[in-house]
Amino acid sequence: MNNDAETVFVLNMWRRSLSASYRCFGCRSVGPKGVWSSHAVRTCSSPVLPAGRITALEALDFWRRRFEERGVIEPDQSSQHIVAHLLGAKTIENLERERLTEFLSQETAEQVWKLCTRRLSRMPVQYVIEEWDFRDLTLKMRPPVFIPRPETEELVELVLTDLLMKLGTGVGADTPHTCLEVGCGSGAISLSLLKSLPQLKAVALDQSQDAVDLTTENALRLKLQDRLQVHHLDIMKEDMASLEPEILRFEDHAALDGGEDGLRVIKQILVLAPQILSDQGRVYMEVDPRHPPLIRRWVEVNVGDLQYVETRHDITGRPRFCILQKAKAKRDHKLDLD
Ligand SMILES: C[S@@+](CC[C@H](N)C(=O)[O-])C[C@H]1O[C@@H](n2cnc3c(N)ncnc32)[C@H](O)[C@@H]1O
């Protein structure tokens, strides 16, 4: 890992279980549960494309009803995203009225049926259309890589505001900043930061090869690959030999509060952070809203070189973002006197 003049750690370890309670009428689940809605692949009796020609508006109405009948969440948005995508637009509102009232070509109609049938199997719409917007970026999406959540855009805003304030002080304005993202998924956070800060470099890592591949692909598509290194690495397997004996011998590494994976990884990162960060380098984390007080307490007791700076709330008022900072190295008095 890079140890540059200014290093920032960013991670999103908040993994909501969003699989809405769903019903499947006569469907058989044959895949793993996913996020947002399940990305399980189901064998469903799929509606057949009606004979004769169909307009975009008719297709939207047809699929909204099918989704509703089958209990697919967000039936309106789902059909709109798919049809708009196939007509080359981000949203239905971006399309001229005539595009919606003219007949779809046979090929487009078949595509609408194919993609909507996938949605009917409860595949998240982001995987169905294979892309999703995050801030000002359009990212490629594919299962099983985590789909970036709107809340994570707030984390990026927070890091950007902090970094820009730092640059604006004149202190270290020319300092090359390096950001390390742990658990990059599709690359949303790193790529968004790189896009907004031309002087930033980033290292992104993930334990999942699928995530590493997707981040690399997204970096290439956005032409940001020159400032991003992507590594396939499990942070839990990072060398811990140099840790303080107090932590190694007496702390239970399994968990902060009994073994939840998110906290296990967070704890590992907080222990590694002072070894990687430069003085006053920061850690920004998006976590489960129950975790900030646990993290604060644990850091205060166990990681001497790291200060818990503050907890920030998300737009819905939930405590979601933790900010920590590496303490400035103490100056040696003896050396001062010499
Ligand atoms: C909640 S997702 C966040 C993905 C992305 N940062 C985002 O906000 O869209 C967490 C990511 O961390 C990765 N991850 C989990 N444990 C890890 C570990 N021990 N080492 C490296 N990556 C890990 C997962 O594979 C997953 O891609």
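How many residues does helix α4 have, and how far does α4 reach from its first C-alpha to its last? Point 2 takes this up.

1. **Ground rules.** This is a predicted model: local features need pLDDT of at least 70, side-chain atom pairs count only at pLDDT 80 or more, and totals for chains, interfaces and linings use all residues. Numbering starts from 1 along each chain, as its sequence is written. The protein has twelve helices and eleven strands. Both are DSSP runs numbered from the N terminus: helices are H or I with at least four residues, strands are E with at least two. Of its 338 residues, 37% count as buried. Buried means that 20 or more other C-beta atoms, placed from the backbone, lie within 10 Å of the residue's own; 12 or fewer means exposed, and in between is partly exposed.

2. **Helix α4.** Residues 106–120 form α4, which has 15 residues. The helix reaches 21 Å from its first C-alpha to its last, close to the 21 Å expected at 1.5 Å a residue. The expected span is 1.5 Å times one less than the number of residues. Its buried residues include A109, V112, W113 and C116. An α-helix has 3.6 residues a turn, so residues three or four places apart point the same way. The cover over the buried residues of α4 includes α1 (56–69), α2 (75–86) and α5 (125–128). After α4 comes R122, with a positive phi near 80°.

3. Strand β4 (residues 131–134) pairs with β5 in the antiparallel sense, over four bridges. Pairing requires at least two DSSP bridges between the strands. W132 stands opposite L139. Two residues lie between the strands of this hairpin, and R135 in the turn has a positive phi of about 50°. In a regular strand the side chains alternate between the two faces of the sheet.

4. **Strand β9.** Here both faces are covered: R282, Y284 and E286 are buried on one side, V283 and M285 on the other. β9 runs antiparallel to β11 (residues 319–326), joined by five bridges. The bridge partner of Y284 is I323.

5. **Ligand shell.** Which residues come nearest to the ligand? Of the 21 around it, they are N12, P148, G183, G185 and I235. α7 (188–196) and β7 (200–206) each supply at least two residues of the shell.

Notes:
Near = placed C-beta within 6 Å. Contact = placed C-beta atoms within 7 Å.
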